[in-house]
Each structure stands twice: as C-alpha cells, then as structure tokens.
Amino acid sequence: MQHPRPLERIVMCLVAVALTVLSLATKLPCAAPTGVTPERIGRLGCWSDVTALWNARDLGLHLLPYVNGTYTSNPPNLTGGAVEYPTLGGLWIWLTALPADSAVQYLVVTAVVAAVLAVVVTLLLARLAGRRAWIFAATTPLALYALYNWDLLPIVCTVLGVVAMRSRHAPATRYLLAGLAFGTGAAFKLYPLMFVAAVVVAALFDRGDGRALRTRIGHAAVAVAGGVVVPLAANLPFALVDLQGWLAPFRFQTDRVTGASTLSVWFYGLQPWSATSDPGVQHRLTELSTASTAIGIVAVLATTVVLALRRGTTPWLQCAAAMLAVYIVCNKVDSLQYVLWLMPFFVLLRVGGWWITAYLLADLAAFVGWYRGLYYGSLGNTATTWATEALAVGIWGRAALLVALVAVFLRAEVAGVSGSRSAESVASRDAAAVPTA
C-alpha cells in the first residue's frame, strides 16, 4: 500500500472539513434558544451536547470549571461551572466558550476547532495507513457526530499514541511518548487510558526489543509514568483547590441513570426491571456494567499476553481495539457518537469492509430510530413504530458486531504503507542491534 499523493491528501482533508461543516449545518437548528424542543430535536436529529451544555451548564457565564462547582443529586445537576467531563476536557470546553456569547456562536467556534482536528486525524491516518484514511474522512460518523460532542480530542490523542509506537525512536522513548499521548486523551475522556495497558504488555513481552527483563520492566514503568503524568497534572491542582468541585463530575457520572437515552444493552436487554429510576436497581445496573467491562478488558489483555508469548511480538494495537470494543458494548452508556472512537482502528487494522459497513449501517439504524422515535413520542404516539424497530436493530446490531469485533480485531493485521514501520518492525530492528540478555 502506497502513501496517497499530496493532491489526494488535500482532497481527503477537504472532504473531512466538508463533513464537519455538514455536521454544523445539521446541529444549528437546535442551537437557537427556541429550537431545543423534543419535537424539533426528533424531527431534525439536531441534538448536540455542545449547545445543550451551553444552556444547561451556563457556559455563557464563563465560570472556570471545577472551582466552586457543585453537584446536587435530586435531581442530578451540576452548577457553578462544573461539567461532566475529565478536567482537561472541561478546561477545553471553558476555553473555547470564552469568545462566544450565544449557543450559535459557541457551536461555530467548536466547529472550526473540530474541522482542524478532523484534518489532523486524517493526515496522521494517511501517514500510517495510506488510502485507508478515507474510511475516517469520508464516512457518515464524521458528518453525524463531529459536533455531537468533543470526541475528536481524545481521537487525536489516540492516533498520536499510535504514531509514537510506530516511530523510529528508541523503545523507551516510544513507550513514553505513547503513554503521554494516551494519558492526555484520558484527560479529555477516560477511555484512551486503557491503551496504556496494551503498551505496557508490549513493553514487557515483546521479545523483539532484545532487552533484559529489568529493562523491559523499566520500559513498562516509563509507559505508565507517561500515562498518568498528564491526568495527574490536570486533576491534582483542582482537587487541592476545591475538592467538592473537582468531585462533582465524578459523582454526576456515577449517579447517571441507565435509561433509554444511554442506548445501552443493559437498559434495553433487562426490561422491565431496568426501566426504573429506583436507586437500588440503578446501582445494580452500574455494578453489572462495571464488572463485565473489567472482566472483558482483563480477558483481552490475557489473550494478548498469550499471543505475545507465542509470536514474540505483541499485537498491542489489536489489543487496544479489542478493549475498546469491550468497553463500548459493556459500558452502561453507549452513546451514538462512540462510533467515532472506533473509526481510527477501522483504518489502522485490516478489518474487512463488510465489518465496517455493517457497523456503520447498525449505527445509522440506531441514529434514525432514536430520533424518529423521539419525534413520534413528542406527538404523543406511544405505539410501536418502524422507528422502534430500527432502534432495536441498531442497538442489538451494534452490540453483536462489537462482540464479534473483539475477535476480529485480535486477529487482524496492522495496516501500513511502504516507507513506514510498525512497532513490530522497529522492535525487530532493535533486536538486530542489541543482543538478548
């Protein structure tokens, strides 16, 4: 596979920008104060957390997050500048809101930033996987979800972590840079922190590094240090200044009800038991989702260790993708925009086009079914409709595909282009230069 030519890269970037602009156009109808009604949201599918938080979290007051923020549990609500995201994400939300005076302006500012991030991700993926970058730049998730939330931020960090691991630097430098990238992503949204575990497994079990056990342990420690330094730096000052304000988003997420809007298999698969706000039931649902997520991630890591011992090289990227699939399907929330998290792995791993197409179609069914169902509900229609069936196809289709993708990811080859090197090839080069101790 060859690197795309400069003109093709430019076209890729223009397409990514165009889809981001399309995402902006679809979200603007819900940005006006009079536009956020269930009927309008359902009819146009124009919901965006960006504009919703502008109104719900008083972003127009430009209050510094996590300082004097409060959480009230009945009903669950955040005030005083607190937002329901990790600190670096909250600071980004606050910073980009400073030049805006309305939800419309804030959405436009966020769109400009999102377009830049989409271009960065596209160029990095083109560098790593050549023309497969079109899978990210020219498919529906970017159009539907570029402005749904701030997910492009951790996605950029995730791809930068892959770039670090596939660079020509010495092993310790690669592991450090990858840990820093994934840790920074975790300071925006928590999920990239899982990928540090995959890097640690590579540091410990990749025999291609040709290093003694003590050196491998040192490399693993470097990766862990890189993974925690940014989250610590982003969190510790706020925890020291205002512990309650810092804890507010964590308490909010912990108490979040597993309801219909979470699009989770836990809600839709355990009805009617799950269709309640009873604290005892909700606590049990949280326990089930947390335990299953932990078990699934540990199982993927154990499988990766076995594969590394057999092969001598660690399929760390495949491990990261498989852990993400487990996390999405087992988590108590499976928001629509989570498909964006998967897109870089669809590019970076040689996953068959049918798998990608099937997942994107299931996601589209969930998107259309959810919003059309919301529209029918706003009109007072409580009967089962085609939208209900489409939503069911989307929810269970995504879940089944994610379970299958765990195995597909672990067996997939890493996509690459001529002139680039995978982590495995770099490790082999190191092994040739340094004798095994």
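The paragraphs below take up confidence, then helix pairs, then local features.

This is a predicted model, in which local features need pLDDT of at least 70, side-chain atom pairs count only at pLDDT 80 or more, and totals for chains, interfaces and linings use all residues. Residues are numbered from 1 along each chain as its sequence is written, and side-chain values use heavy atoms, with hydrogens and water left out.

The term pLDDT is the predictor's confidence in each residue, from 0 to 100. Its mean over the chain is 90, and 94% of the residues reach 70 or more. Helices (H or I, at least four residues) and strands (E, at least two) are DSSP runs, numbered from the N terminus. Confidence is highest in helix H16 (residues 339–348), at a mean of 98, and lowest in helix H19 (residues 423–433), at a mean of 43. Over residues 418–437 pLDDT stays under 50, and for this stretch the model has 42 contacts (heavy atoms within 4.5 Å) beyond four places in sequence.

Axes are lines fitted to C-alpha atoms, for helices over the stretch in contact, and angles run from 0 to 180 degrees between N-to-C directions. Angles under 35 degrees count as roughly parallel, over 145 as roughly antiparallel, 65 to 115 as roughly perpendicular and the rest as oblique. For residue classes, Ala, Val, Leu, Ile, Met, Phe, Trp, Tyr, Cys and Pro count as nonpolar, Asp, Glu, Lys and Arg as charged, and the others, Gly among them, as polar.

Helix H11 (residues 213–241) and helix H12 (residues 243–254) have axes that come within 5 Å and cross at roughly 125 degrees. H11 is therefore oblique to H12. On the H11 side, Asn-235, Phe-238, Ala-239 and Val-241 meet Leu-243, Trp-246 and Phe-250 of H12. This contact has six nonpolar residues, one polar and no charged.

For helix H14 (residues 279–311) and helix H15 (residues 316–330), the axes come within 9 Å at a crossing angle of roughly 165 degrees. The two are therefore roughly antiparallel to each other. Residues of H14 in the contact include Ser-289, Gly-296 and Val-300, and those of H15 include Cys-319, Met-323 and Tyr-327. By class, the contact of H14 with H15 has nine nonpolar, five polar and no charged residues.

The axes of H16 and helix H17 (residues 353–378) come within 12 Å and cross at roughly 170 degrees, so H16 is roughly antiparallel to H17. Val-339, Leu-342, Met-343 and Phe-346 of H16 make the contact with Ile-356, Tyr-359, Leu-360 and Asp-363 of H17. Seven of these residues are nonpolar, none polar and one charged.

Local features remain. One disulfide is counted (a pair of cysteine sulfur atoms within 2.5 Å). It joins Cys-30 to Cys-46, with an S to S distance of 1.7 Å. Cys-30 lies in the loop between helix H1 (6–27) and helix H2 (38–44), and Cys-46 in the loop between H2 and helix H3 (49–56), so the pair ties together parts that are 16 residues apart in sequence.

Gln-271 and Pro-272 are joined by a cis peptide bond, with omega about 5 degrees. Pro-272 is in the loop between helix H13 (265–269) and H14. His-62, a residue other than glycine, has a positive phi near 55 degrees; His-62 lies in the loop between H3 and strand E1 (70–73).
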